[in-house]
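Subject: Handover of a structure, with findings

Dear colleague,

Please find below the structure that I am passing on to you. My findings follow it.

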Amino acid sequence: MTTTTQSSVQAIAEALAGAVGGMVGAASVYPLDITKTRLQIQSKSAGPAQYSGQLDALIKIARQEGILGLYSGLQSSLTKNFVQDFSYFYWHSFLKSMYITYILKPSKTDGGEDDSAFEESENVQLSTAANLAIGILAGSLTVCVTNPLNVVQTRMQTRSNREPDANRGVWSTMMYLARLNGAGALYNGLTPSLILTVNPTIQFFVFARLKFFLQRRKLIQLKKRHGGRISTDQLPSLSPLETFVVGAISKTVATIVTYPYIMAKVRLQHQAGMTRQKSTTTTAAAASTAVANTTIGVILNVLKSD
């Protein structure tokens, strides 16, 4: 079996595992997802907000549309999550294998290192820059594949029972949107979606900085307790609780930084189902562009200081 074939098989196996896990996760929190989407598409310029918050949205949707209303568009969400996670894990695993095989391995073996160390790609430690680049590229490829499904999911989560496509499934809804505003409408929100692929990058750097800070603090405290008799400079590991807290904080920071893009993406995708492109399209796109330099600037500065 060739290296490329082995890489493809491994990538498909990892992708299937990730996709199934993603579907289970999406189904378990779907009512929160649908209320989040409906809150995001509310516009103050369109009049009083229909929902005042997440809990209010949950109660009103259940009261007005029934409990099943909290699961409107679940089919599209599961389809989207399966394709999205499968695509991401596949591309990430495949690109990592290709990087190790055709870029990292030749450079290492030329330097005299043992070739056997590279037989199992999962055991190879990539540099921070390589990991981030592979992640962003895999995310960008995934977005290009799944953007139409994201548009369909937004439509199915926000349409009323009086809409012409109210009872349509994923494929039928996609065809309806394409006929309504053209096939290009299925790629509404593509630009902010591509920008959002840097979200894990921001999360990674915040996590790494907080983790290093806590490890250094623990090492200093450890040396103080032993009167400075410990000579090692090896950083102690974090406890499971500390790792969880640091992960939660880093994810929160990354979400806050990129939230304008999330809003822009959802509102642009929502307008794929409108017969007229309202001025909120321009507003959402402008909001996305306005913060672009800030977000990219933060990433570049962190990379510079690393």
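Is Asp33 buried or exposed? Asp33 is buried, because its relative accessible area is 19% (buried means under 20% relative accessible area, exposed over 50%, and partly exposed in between, with a 1.4 Å probe and protein chains only).

Before the remaining findings, two notes on the basis of the values. This is a predicted model, in which local features need pLDDT of at least 70, side-chain atom pairs count only at pLDDT 80 or more, and totals for chains, interfaces and linings use all residues. Residues are numbered from 1 along each chain as its sequence is written, and side-chain values use heavy atoms, with hydrogens and water left out.

The surroundings of Asp33

Asp33 is found in helix α2 (helices are DSSP runs of H or I with at least four residues, strands are runs of E with at least two, and both are numbered from the N terminus). Neighbours within four places in sequence aside, Asp33 is in contact with Gln153 and Gln157 (contact means heavy atoms within 4.5 Å). Asp33 also forms a salt bridge with Lys36, with the closest N and O atoms 3.2 Å apart (a salt bridge is a side-chain nitrogen of Lys or Arg within 4 Å of a carboxyl oxygen of Asp or Glu). Both residues, Asp33 and Lys36, lie in helix α2, 3 residues apart, which is about one turn of the helix. Lys36 counts as partly exposed, at 38% relative accessibility.

Helices α2 and α3

Helix α2 (residues 30-40) packs against helix α3 (residues 54-65) at an angle of about 105°, and their axes are 9 Å apart (axes are lines fitted to C-alpha atoms, for helices over the stretch in contact, and angles run from 0 to 180 degrees between N-to-C directions). α2 is therefore roughly perpendicular to α3 (angles of 65 to 115 degrees count as roughly perpendicular, under 35 as roughly parallel, over 145 as roughly antiparallel, and the rest as oblique). The residues of this contact of α2 with α3 comprise 6 nonpolar, 2 polar and 3 charged (Ala, Val, Leu, Ile, Met, Phe, Trp, Tyr, Cys and Pro count as nonpolar, Asp, Glu, Lys and Arg as charged, and the others, Gly among them, as polar). On the α2 side, the residues include Arg38, and on the α3 side they include Glu65.

Arg38 and Glu65 form a salt bridge, the closest N and O atoms being 2.7 Å apart. This pair links distant parts of the chain, with Arg38 in helix α2 and Glu65 in helix α3, 27 residues apart. Arg38 is buried at 7% relative accessibility, whereas Glu65 is partly exposed at 31%.

Further salt bridges

The structure holds 7 salt bridges. One of them joins the side chains of Arg155 and Glu163, at 3.3 Å from N to O. Salt bridges with shared partners connect Arg155, Arg159, Glu163 and Asp165 in one network. Arg155 is buried at 6% relative accessibility, and Glu163 is partly exposed at 31%.

Helices α5 and α6

Helix α5 (residues 128-158) and helix α6 (residues 170-181) pack at about 95°, with axes 10 Å apart. They are therefore roughly perpendicular to each other. Arg155 is among the α5 residues in this contact, and Tyr176 is among those of α6. The residues of the contact of α5 with α6 divide into 9 nonpolar, 1 polar and 1 charged.

Yours sincerely
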